[in-house]
Amino acid sequence: VGLSAEDTAECADWMAKKLLSVKFFAGEDGKHWKRNVKEVGGEVLLVSQFTLYFRTKGANLDFSRSMPPDAARQCYQEFVSKVRDEMADPDKVKDGQFGALMDVELVNDGPVTVQIEYPEPPSQKKS
(Lines give C-alpha, C1' and ligand atoms only; values in the text may rest on other atoms or scores of the structure.)
Protein backbone atom coordinates (compact mmCIF):
# COMPACT_ATOMS: atom_id res chain seq x y z
CA VAL A 1 0.00 0.00 0.00
CA GLY A 2 1.63 3.22 -1.17
CA LEU A 3 0.28 6.49 0.17
CA SER A 4 1.02 9.69 -1.70
CA ALA A 5 1.15 13.13 -0.12
CA GLU A 6 -2.14 13.91 -1.91
CA ASP A 7 -4.18 10.93 -0.64
CA THR A 8 -7.24 11.53 1.57
CA ALA A 9 -9.76 9.57 3.66
CA GLU A 10 -12.09 9.57 0.62
CA CYS A 11 -9.30 7.95 -1.36
CA ALA A 12 -8.80 5.23 1.27
CA ASP A 13 -12.52 4.39 1.27
CA TRP A 14 -12.63 4.17 -2.54
CA MET A 15 -9.43 2.10 -2.66
CA ALA A 16 -10.71 -0.40 -0.07
CA LYS A 17 -13.87 -1.01 -2.07
CA LYS A 18 -11.98 -1.15 -5.37
CA LEU A 19 -9.34 -3.56 -4.06
CA LEU A 20 -11.98 -6.03 -2.91
CA SER A 21 -14.15 -5.75 -6.02
CA VAL A 22 -11.53 -6.18 -8.77
CA LYS A 23 -11.83 -9.59 -10.41
CA PHE A 24 -8.31 -10.97 -10.02
CA PHE A 25 -9.32 -14.64 -9.91
CA ALA A 26 -10.58 -17.29 -12.33
CA GLY A 27 -14.20 -18.32 -12.40
CA GLU A 28 -15.46 -21.84 -11.82
CA ASP A 29 -15.16 -22.34 -15.59
CA GLY A 30 -11.41 -21.71 -15.32
CA LYS A 31 -11.54 -18.47 -17.30
CA HIS A 32 -9.41 -15.66 -15.93
CA TRP A 33 -10.63 -12.42 -14.35
CA LYS A 34 -14.08 -13.62 -13.25
CA ARG A 35 -14.17 -13.40 -9.41
CA ASN A 36 -12.94 -11.07 -6.68
CA VAL A 37 -11.21 -11.99 -3.42
CA LYS A 38 -14.48 -12.09 -1.47
CA GLU A 39 -16.09 -14.39 -4.04
CA VAL A 40 -13.25 -16.93 -3.78
CA GLY A 41 -13.04 -16.73 0.02
CA GLY A 42 -9.48 -15.45 -0.26
CA GLU A 43 -7.29 -13.44 2.04
CA VAL A 44 -5.70 -10.02 1.72
CA LEU A 45 -2.21 -9.07 2.87
CA LEU A 46 -1.66 -5.32 3.21
CA VAL A 47 1.89 -4.00 3.60
CA SER A 48 2.72 -0.30 3.82
CA GLN A 49 5.33 0.67 1.25
CA PHE A 50 6.18 4.36 0.99
CA THR A 51 8.82 3.57 -1.61
CA LEU A 52 6.10 3.16 -4.27
CA TYR A 53 6.00 6.97 -4.53
CA PHE A 54 9.67 7.56 -5.26
CA ARG A 55 11.33 9.42 -8.06
CA THR A 56 14.97 9.82 -8.86
CA LYS A 57 17.03 12.97 -8.65
CA GLY A 58 20.16 12.05 -10.47
CA ALA A 59 21.34 8.83 -8.83
CA ASN A 60 19.48 9.55 -5.57
CA LEU A 61 16.02 8.44 -4.46
CA ASP A 62 13.50 11.13 -3.52
CA PHE A 63 10.42 10.19 -1.50
CA SER A 64 8.86 13.67 -1.30
CA ARG A 65 5.74 12.42 -3.14
CA SER A 66 5.09 9.94 -0.30
CA MET A 67 2.76 10.90 2.53
CA PRO A 68 4.71 12.06 5.63
CA PRO A 69 5.16 9.25 8.21
CA ASP A 70 2.72 10.39 10.95
CA ALA A 71 -0.11 11.08 8.51
CA ALA A 72 0.70 7.90 6.55
CA ARG A 73 0.55 5.76 9.70
CA GLN A 74 -2.95 7.06 10.51
CA CYS A 75 -4.16 6.80 6.90
CA TYR A 76 -2.74 3.28 6.54
CA GLN A 77 -4.45 2.13 9.74
CA GLU A 78 -7.75 3.63 8.54
CA PHE A 79 -7.31 1.87 5.18
CA VAL A 80 -6.70 -1.49 6.89
CA SER A 81 -9.85 -0.94 9.00
CA LYS A 82 -11.90 -0.08 5.90
CA VAL A 83 -10.72 -3.22 4.09
CA ARG A 84 -11.60 -5.33 7.16
CA ASP A 85 -15.03 -3.67 7.34
CA GLU A 86 -15.69 -4.52 3.67
CA MET A 87 -14.61 -8.19 3.96
CA ALA A 88 -17.15 -10.84 4.98
CA ASP A 89 -14.53 -12.22 7.40
CA PRO A 90 -12.25 -9.46 8.76
CA ASP A 91 -9.80 -12.10 10.03
CA LYS A 92 -8.89 -12.76 6.38
CA VAL A 93 -7.22 -9.33 6.20
CA LYS A 94 -3.63 -9.35 7.45
CA ASP A 95 -1.27 -6.41 7.64
CA GLY A 96 2.36 -5.78 8.29
CA GLN A 97 3.85 -3.52 10.91
CA PHE A 98 3.87 0.08 9.67
CA GLY A 99 7.37 1.42 9.01
CA ALA A 100 9.12 -1.84 9.86
CA LEU A 101 11.65 -3.66 7.76
CA MET A 102 9.89 -6.94 7.02
CA ASP A 103 10.66 -10.15 5.21
CA VAL A 104 7.51 -11.00 3.31
CA GLU A 105 7.28 -14.43 1.75
CA LEU A 106 4.48 -15.38 -0.61
CA VAL A 107 3.59 -17.45 -3.61
CA ASN A 108 2.55 -15.32 -6.56
CA ASP A 109 -0.10 -17.06 -8.66
CA GLY A 110 0.77 -15.86 -12.13
CA PRO A 111 2.89 -13.13 -13.63
CA VAL A 112 0.44 -10.32 -12.87
CA THR A 113 1.06 -7.03 -11.09
CA VAL A 114 -1.82 -4.58 -10.83
CA GLN A 115 -1.57 -0.95 -9.81
CA ILE A 116 -4.78 0.77 -8.67
CA GLU A 117 -4.68 4.56 -8.49
CA TYR A 118 -7.15 7.11 -7.13
CA PRO A 119 -8.62 8.97 -8.80
CA GLU A 120 -9.05 6.31 -11.43
CA PRO A 121 -7.39 7.38 -14.69
CA PRO A 122 -9.97 8.32 -17.36
CA SER A 123 -8.62 5.58 -19.65
CA GLN A 124 -9.72 2.94 -17.11
CA LYS A 125 -13.23 4.25 -16.45
CA LYS A 126 -16.17 2.55 -18.11
CA SER A 127 -17.87 4.67 -20.72
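**Salt bridges, rings and surface of a predicted model**

Trainee: At which distance do the closest N and O atoms of Asp62 and Arg55 lie in their salt bridge?
Mentor: The term requires a side-chain nitrogen of Lys or Arg within 4 Å of a carboxyl oxygen of Asp or Glu. This is a predicted model, in which local features need pLDDT of at least 70 and side-chain atom pairs count only at pLDDT 80 or more, while totals for chains, interfaces and linings use all residues. Residues are numbered from 1 along each chain as its sequence is written, and side-chain values use heavy atoms, with hydrogens and water left out. For Asp62 and Arg55, the closest N and O atoms are apart by 2.9 Å.

Trainee: Is Asp62 buried or exposed?
Mentor: Relative accessible area, computed with a 1.4 Å probe and protein chains only, sets the classes: under 20% is buried, over 50% is exposed, and partly exposed is in between. Arg55, at 36%, is partly exposed. Asp62 has 13% relative accessibility, so this residue counts as buried.

Trainee: Which lysine meets Asp62 in a salt bridge?
Mentor: The N to O distance of this pair is 3.6 Å.

Trainee: Which residue supplies the backbone oxygen that lies 2.8 Å from a polar atom of the side chain of Ser66?
Mentor: Ser66 is placed in the loop between β3 (60-62) and α2 (69-86), and its relative accessible area of 7% makes it buried. Leaving out residues up to four places away in sequence, Ser66 touches Leu3, Ser4, Ala5, Phe50 and Tyr53, where contact means heavy atoms within 4.5 Å. The backbone oxygen in question belongs to Phe50.

Trainee: Which geometry class does the ring pair of Trp14 and Tyr118 fall into?
Mentor: A pair of aromatic rings is described by the distance of the centres and the angle of the planes. Rings of Phe, Tyr and Trp (its six-membered ring) pair if their centres lie within 6.5 Å, with planes under 30 degrees apart counted as stacked, over 60 as edge-to-face and the rest as tilted. The structure holds four aromatic pairs. With centres 5.1 Å apart and planes at 50°, the pair of Trp14 and Tyr118 is therefore tilted.

Trainee: How many residues apart in sequence are the parts tied together by Trp14 and Tyr118?
Mentor: Trp14 is partly exposed at 23%, and Tyr118 is partly exposed at 25%. Because Trp14 lies in helix α1 (residues 9-21) and Tyr118 in the segment after β4 (93-95), the pair ties together parts whose separation in residues is 104.

Trainee: At which angle do the ring planes of Phe24 and Phe25 stand?
Mentor: Phe24 has a relative accessible area of 27% and is partly exposed, and Phe25 is partly exposed at 31%. Their ring centres are 6.4 Å apart and the pair is edge-to-face, with the planes at 80°.

Trainee: Which pattern does the protein follow along the sequence?
Mentor: The secondary structure comes to two helices and four strands. Of the 127 residues, 24% count as buried. Among contacts with a separation of 6 or more, residues 24 or more positions apart account for 63%. Read along the sequence, the pattern is α-β-β-β-α-β.

Terms used: A polar contact is a pair of N or O atoms within 3.5 Å; within protein, one must be able to donate a hydrogen and the other to accept it, and residues adjacent in sequence count only if both atoms are side-chain atoms.
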